[in-house]
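Please examine the sequence and the model shown below.

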Amino acid sequence: MKRQELISLLAGESPVNKACRKALEQGASFRIYDGATGLVPASNLAPTYRAREAHTRKRGIPTLGFPAAVETLQALGEQPVRLGGVTQLDPPYYFQLFLTADAATVLACIGVDQQHQQRGI
């Protein structure tokens, strides 16, 4: 997938989509996982990301889009989801992407502040 394609898939006006789109426009690196290894049933992801949401909240790590993404994953059931990620270096932020199997639509996006890793939290 080309950068401009991914930017256009993040057309929504939610704060996490806007932040991820801006990161990509400013040159953040990204990866969309290919093939069968990049596909995971949404029902396998929902519990993992629910636990990660609780962990980040407990530790006070700033995030964007976590509750909505977990709800979306839960609602998708067994539907295969393609994973991707966007890494912004300055300020350090990571965006976890969940796309349809054909990578034609971004289903959900989570942004996680990475500065806590630099501070040793």
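Which residues does threonine 100 touch, not counting residues up to four places away in sequence? They are Gln79, Arg82, Thr105 and Leu107, where contact means heavy atoms within 4.5 Å. This is a predicted model, in which local features need pLDDT of at least 70, side-chain atom pairs count only at pLDDT 80 or more, and totals for chains, interfaces and linings use all residues. Residues are numbered from 1 along each chain as its sequence is written, and side-chain values use heavy atoms, with hydrogens and water left out.

Threonine 100 belongs to strand S5; helices (H or I, at least four residues) and strands (E, at least two) are DSSP runs, numbered from the N terminus. The relative accessible area of threonine 100 is 15%, and the residue is buried. Here buried means under 20% relative accessible area, exposed over 50%, and partly exposed in between, with a 1.4 Å probe and protein chains only. The side chain of threonine 100 makes a polar contact of 2.6 Å with that of aspartate 102.

The setting of S5 as a whole comes next. Strand S5 covers residues 93-100, and seven of its eight residues are buried, so the strand is largely enclosed by the rest of the structure. Strands pair if DSSP finds at least two bridges between them. Strand S4 (residues 80-88) runs antiparallel to S5 and is joined to it by eight bridges, with valine 81 as the bridge partner of threonine 100. The hairpin from S4 to S5 passes through four residues. Strand S6 (residues 106-113) is likewise antiparallel to S5, through seven bridges, and glutamine 96 stands opposite isoleucine 110 of S6. Five residues separate S5 from S6 in their hairpin, and alanine 103 in that turn has a positive phi of about 60 degrees.

Within S6 lies alanine 108, which counts as buried at 7% relative accessibility. Alanine 108 touches Ala69, Thr72, Gln96, Leu97 and Phe98, not counting residues up to four places away in sequence.

The nonpolar cores can now be considered. A nonpolar core is a set of buried Ala, Val, Leu, Ile, Met, Phe, Trp, Tyr and Cys residues joined through side-chain atoms within 4.5 Å. The largest has 17 residues, and those with the most contacts inside it include Leu24, Val86, Phe95 and Leu97. Helix H1 (3-9), helix H2 (15-25), S5 and S6 each give two or more residues to this core. A second, separate core of 16 residues includes Leu45, Ala46, Leu83 and Val112.

Helix H3 (residues 42-59) has 18 residues and reaches 25 Å from its first C-alpha to its last, close to the 26 Å expected at 1.5 Å a residue; the expected span is 1.5 Å times one less than the number of residues. In H3, Ala42, Leu45, Ala46, Tyr49, Glu53 and Thr56 are buried. Viewed down the axis, the buried residues of H3 fall within an arc of 105 degrees, so they line one face of the helix; the arc is that of the directions from the helix axis to the C-beta atoms. The buried residues of H3 pack against strand S2 (39-41), strand S3 (63-64), helix H4 (66-76), S4, S5 and S6.

Terms used
A polar contact is a pair of N or O atoms within 3.5 Å; within protein, one must be able to donate a hydrogen and the other to accept it, and residues adjacent in sequence count only if both atoms are side-chain atoms.
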